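Hi everyone, thanks for coming.

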Amino acid sequence: SARGRGDAGLPPGLGAVAVGWASRERASMAGVALPVRKLRGTEPRAALDLTDKGLGVASAVVIAKCIAVNGVLTSLNLAGNPFSSSDGIGPEGAKAIADALRVNSVLTSLDLYANHLGVEGAKSIGQALKVNSVLTVLGLAGNQIGAEGAKAIGEAVCVNSVLTSLNLHCNEIGDQGAKAIAEAIKVNSVLKSLDLRLNGLGGGEAALREIAKDRPSLTLKVKL
């Protein structure tokens with residue numbers, strides 16, 4: 001396992017450095033060689049799995065720079081990368097990936113499970129979802145996005161017309177976050193799968209169930 005070091009010891013000027021790394025054949029971060037050619041699409045792959053690699057913010061920036069221009073990658077799994085000495089991919093890395101989602105036209109599945117994205121990371125992803133027209137499956141479980149993060153994702157779901165599967169499992173969204181998501185699915189007619197388990201939904205659970213009753217095509221998970 002590459003757990004432990006994240007992107008510790010990287011030079012300053014993260015953005016410029018990342019652009020340089022993204023133009024190379026391979027970039028080595030935390031002892032993990034990022035498959036830059038595959039991420040860029042010059043060595044075409046439909047799916048890439050980079051789970052549990054101990055990646056940090058700089059890795060996320062390099063990945064984002066690459067997938068922004070990748071025309072073949074449809075599935076990217078970045079689950080379980082909060083293992084640096086700081087916050088792993090975190091909100092800063094999430095912003096970079098969100099920027100890539102704004103311009104990427106082929107990625108349909110993205111898993112960011114357990115990456116310490118937090119509220120700000122959720123807000124960045126939410127803004128990207130408002131303009132992204134291809135992503136259908138999004139995993140944000142275990143990222144401590146809270147009620148405010150859930151509200152940001154809910155606002156995006158209100159206007160997004162392509163996302164069919166959303167996983168917000170274990171995010172501490174609480175009653176207010178649940179109600180925000182409930183309001184979103186009132187107006188969204190394309191979402192087919194919504195996972196809100198382990199979120200302390202409180203009264204928001206009833207609101208969700210009530211709306212889901214009129215949406216037979218929606219699979220709603222609120223209990224383990």
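Let's begin with a definition: a residue is buried when its relative accessible area is under 20%, exposed when over 50%, and partly exposed in between, using a 1.4 Å probe and protein chains only. What you see is a predicted model, where local features need pLDDT of at least 70 and side-chain atom pairs count only at pLDDT 80 or more, while totals for chains, interfaces and linings use all residues. Residues are numbered from 1 along each chain as its sequence is written, and side-chain values use heavy atoms, with hydrogens and water left out.

Now for the salt bridges. By that I mean a side-chain nitrogen of Lys or Arg within 4 Å of a carboxyl oxygen of Asp or Glu. How many salt bridges does a search of the whole structure find? The count is 13, and I'll show you some of them.

Please find Asp99 and Arg102. Their side chains form a salt bridge, with 3.9 Å from N to O. Where do these two sit? Both belong to helix α4, residues 90-103, and because they are three residues apart there, about one helical turn separates them. Helices here are DSSP runs of H or I with at least four residues, strands are runs of E with at least two, and both are numbered from the N terminus. Asp99 is partly exposed at 37%, and Arg102 is partly exposed too, at 41%.

Next, helix α8, residues 204-213, holds Arg209 and Glu205, which are four residues apart and so separated by about one helical turn. A salt bridge links their side chains at 3.1 Å, N to O. Is Glu205 buried or exposed? Glu205 is buried, with a relative accessible area of 15%, whereas Arg209 is partly exposed at 40%.

There is also a network: salt bridges with shared partners join Arg37, Glu43 and Arg45. Within it, the closest N and O atoms of Glu43 and Arg37 are 3.5 Å apart. Glu43 is partly exposed at 27%, and so is Arg37, at 29%.

Finally, the backbone. Gln144 is partly exposed at 37%. Cys170, in the loop between β7 (165-167) and α7 (174-187), is another non-glycine residue with a positive phi, near 60 degrees. Cys170 is partly exposed, with 39% relative accessibility.
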